[in-house]
Structure formats: C-alpha cells, structure tokens
Amino acid sequence: MLFEIFLYALIVIATVAAMEAFAWAMHKFVMHGRSGWGWHKSHHEETEGFFEKNDLYAVVFSLMAVALFFVGQALSPVLLAIAWGITLYGLLYFVAHDGLVHQRWPFRYVPHRGYAKRLVQAHRLHHAVEGRDHCVSFGFLYAPPIDKLKAELRASGVLDRERIDRSVTAQGSAHAPVRN
Ligand SMILES: [Zn+2]
Ligand SMILES: [Zn+2]
C-alpha cells in the first residue's frame with residue numbers, strides 16, 4: 001500500500017515535470033508559430049474584459065485532462081495519476097502565470113525575492129518584445145537566469161538595453177510590451 005502511494009506520487013511529480021517541458025515546446029513552437037499565434041496573440045496585447053482568446057488553450061488542455069480522468073477511471077490507476085499530474089500542473093500554471101505575473105486574481109501580491117521573483121521577471125521579459133518573433137523564456141514554472149535572458153534579447157537586436165531593463169520593472173502585470 002505504502003509502496004503504491006509512493007509510486008503514484010512519483011508519477012504525479014514526473015507528469016508535472018513532463019508538462020512543463022510540453023508547455024514550453026507548445027508555447028515556443030505552436031503558440032508562437034504560424035498556426036497557434038491566432039489565439040496566443042491576444043495574450044501579448046492589452047485586452048478588454050477578463051477573458052482573452054488565449055484562454056481557449058487552457059480550456060482545451062483542461063478538457064483533455066477531464067477525458068483522461070474518465071479513461072483512467074475505467075482502465076488504469078497509472079492514467080489516473082497522470083491526469084492528476086496534468087491537473088496539478090494546470091493549478092501551478094494558474095498561480096505562477098495568471099496569478100503572480102499577470103495578477104488575474106482579486107488580490108495583489110508581487111514576489112520580491114527568491115525563485116518566484118525570478119519567475120515573474122523572466123515572464124515579463126517574455127512579454128518585452130512586440131509580436132511573436134524574438135521572444136525569450138517560454139517556460140511557465142522554470143525560469144532561466146535573468147541576465148541570460150537579457151543577453152539573449154540584446155543579441156537579437158530588437159530592443160535596446162534601456163527598454164529591456166524597463167520591461168523587468170515597469171511592465172507590472174501588463175500583457176503588452178512597455179513602449180518608449
Ligand atoms: Zn507567448
Ligand atoms: Zn503571459
């Protein structure tokens with residue numbers, strides 16, 4: 001019994017890690033690609049109202065997790081553990097991305113130190129560039145070092161040093177890049 005609980009917990013954790021890799025690839029190659037930008041574009045611009053077209057991605061992935069709960073219930077507890085992993089990832093994604101970065105919750109909390117701070121700053125740099133090309137940092141739970149991301153942005157030549165620095169601090173919870 002104890003061994004089984006340990007095993008399923010391990011599957012849940014491995015699924016969360018795999019989902020971050022999957023989300024990174026989806027974000028980089030599909031959402032910022034020609035086919036997926038149509039929905040994701042709304043997330044790189046200021047939008048009116050609470051919802052944006054980009055939320056449809058979350059709806060699609062939630063439906064897939066729900067379907068997996070049904071299949072897992074009927075077929076195997078391993079699939080059920082994977083479904084829980086996907087759900088947990090969705091929750092962590094909501095807290096990190098929609099909450100900490102874009103402040104889509106009814107209270108205000110911006111982390112000022114540690115990994116959460118780096119996560120927020122890295123995602124602000126993801127939103128620093130106009131349009132779908134030359135963006136950096138496509139993960140949602142993993143954030144590369146900020147200096148590395150700044151160097152990457154400088155190397156692509158689309159933003160000057162001053163605007164890159166301002167993006168980290170002045171962008172706040174906004175979706176659109178800071179402008180001069
Ligand atoms: Zn993006
Ligand atoms: Zn974002």
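## About the model

Local features here need pLDDT of at least 70 and side-chain atom pairs count only at pLDDT 80 or more, while totals for chains, interfaces and linings use all residues of this predicted model. Residues are numbered from 1 along each chain as its sequence is written, with chains lettered from A and ligands numbered from 1 in the order in which they are written.

## What the UniProt record marks

Let's start with the annotations, which come from an unreviewed UniProt entry. Residues 56-72 are 100% helix and 0% strand, with end C-alpha atoms 24 Å apart. Residues 78-96 are likewise 100% helix and 0% strand, and their end C-alpha atoms lie 27 Å apart. Helices (H or I, at least four residues) and strands (E, at least two) are DSSP runs, numbered from the N terminus.

The unreviewed entry also lists "domain: Fatty acid hydroxylase" for residues 13-141. Over that range the chain is 64% helix and 0% strand, and the end C-alpha atoms are 13 Å apart.

## Helix 1 against helix 4

Helix 1 (residues 2-31) packs on helix 4 (residues 77-101) at about 45°, their axes 8 Å apart. Axes are lines fitted to C-alpha atoms, for helices over the stretch in contact, and angles run from 0 to 180 degrees between N-to-C directions. That angle makes helix 1 oblique to helix 4 (under 35 degrees is roughly parallel, over 145 roughly antiparallel, 65 to 115 roughly perpendicular, and the rest oblique).

Who meets whom? From helix 1, the contact residues include Tyr8, Ile11 and Met19, and from helix 4 they include Ala81, Trp84 and Tyr89; contact requires C-beta atoms, placed from the backbone, within 7 Å. By class, this contact has 13 nonpolar, 2 polar and no charged residues. Ala, Val, Leu, Ile, Met, Phe, Trp, Tyr, Cys and Pro count as nonpolar, Asp, Glu, Lys and Arg as charged, and the others, Gly among them, as polar.

The chain is divided into domain 1 (2-101) and domain 2 (114-170), with bounds from an automatic or database domain assignment. Their C-alpha centres lie 23 Å apart.

Across the boundary, 14 residues of domain 1 are in contact with 12 residues of domain 2. Helix 4 gives the most to the domain 1 side, with 6 residues. That side divides into 8 nonpolar, 4 polar and 2 charged residues.

How values were computed: UniProt positions renumbered as here; feature names shortened; annotations may be inferred. Contact = placed C-beta atoms within 7 Å.
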